[in-house]
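Have the structure open while you read.

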Amino acid sequence: MDSLDRRIINTMQGDFPLVERPFKEVATELETSENELITRLRCMLDDGVLTRFGPLYNAEKMGGALSLCAMCVPAERFDEVVEQVNALPQVAHNYQRDHAMNMWFVLATETDTELQETLTTIREKTSLDVFDFPKLEEFYVGLNLQV
Amino acid sequence: MIDRSHKDELDRRIVLATQNGLPLDTQPYHWIAKELDITSEIVMQRMQVMLDDGRIRRIGVVPNHYRLGYTANGMSVWDIADDEIKAIGKKVGELDIVSHCYQRPRHLPDWPYNMFAMVHGSSRQEVIDKVAGIANMLEDKVRSYDILFSTRILKKTGLRLSGD
């Protein structure tokens, strides 16, 4: 990762312009070319430095349902359960964490009913309990990582 | 005039077409528009409306924080009195070192914590120190707390709508 990659990451975490040639506009700001910017983005996405590029939707405001869920998965079944849980398209993120509740994932569904059904599906498929932690109040969401 | 239900349907199609990301093309909105058989002006206009009303949080890149050196990602969890959590949550959410801060339900007896705050750093020790700093700041408002470190990303995708 060189200085241009860093500047791309630092300046492009929001405010991507809604104009006909948005990369051109951002490229000018970064003092590079439109093609170079697109190439850099493609490389960083392929390489996994970036996980996404595009609009980030707020599930609840879209009328959807969202919940953080956790499971206590026995170590010997961990890989198997990862596969069962990740296979569901409703599972957005999934992290392993060092706690008795060692698997934490976010379910994003279009309706609350679908959310409850997905919880039931996971309980049935894995024969394990799922704790759900729906958001009751949001105090702050924002992250601007600088490199 | 475009009526309300037509707009909802239009927005839904735009979300479906962009939820995996924007195309890396010199004219990304034009490309989406072509796919949806509408004009790029309408795509940009509807996305602006969704940005303004919060349905789109932002448009840009999402870095993999592990790859950027933020290798320690601690989910700090706190047991705060219910009648104080609004004030405390706001205070903690305003800290620079905290990215997300939410009130979530307890699951007693397994889980006494009702406030979740994500703290990022370049090492576990840095995150532990930052979280200890928060605990000091909150003094006796904290009944107990813990930090759960992530050890592996198992899956990371954006919001998905099924394309029925």
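## Two strands, two chains

Two strands count as paired if DSSP finds at least two bridges between them. Keep in mind that this is a predicted model. Here, strand E1(A) lines up with strand E1 of chain B (residues 56-63), and the two pair in the antiparallel sense over seven bridges. To find a spot along this pairing, look for Arg52(A), which stands opposite Val62(B) in E1(B).

## Where the chains touch

Now zoom out to the whole contact: 58 residues of chain A are in contact with 62 residues of chain B. On chain A's side, the elements that give two or more residues include helix H3 (34-47), strand E1 (50-57) and helix H4 (78-86). The top contributor is E1(A), with eight residues. Sorted by class, chain A's side has 33 nonpolar, twelve polar and 13 charged residues.

## A helix pair in chain B

How do you describe two packed helices? You give the angle between their axes and the distance between the axes. In chain B, the axes of H1 (residues 4-18) and H2 (residues 28-36) come within 10 Å and cross at roughly 120°. H1(B) and H2(B) are therefore oblique to each other. The crossing of H1(B) past H2(B) is right-handed.

And who meets whom? From H1(B) come Arg13(B), Ile14(B), Ala17(B) and Thr18(B), and they meet Ile32(B), Glu35(B) and Leu36(B) in H2(B).

Terms used
Residues numbered from 1 in each chain as written. Chains lettered and ligands numbered in written order. Predicted model: local features only at pLDDT ≥ 70, side-chain atom pairs only at ≥ 80, totals over all residues. Axes fitted to C-alpha atoms, helices over the stretch in contact; angles between N-to-C directions. Helix = DSSP H or I, 4+ residues; strand = E, 2+ residues; numbered from the N terminus. Parallel < 35°, antiparallel > 145°, perpendicular 65-115°, else oblique. Left-handed = near helix turned anticlockwise from the far one by under 90°. Contact = placed C-beta atoms within 7 Å. Nonpolar A, V, L, I, M, F, W, Y, C, P; charged D, E, K, R; others polar.
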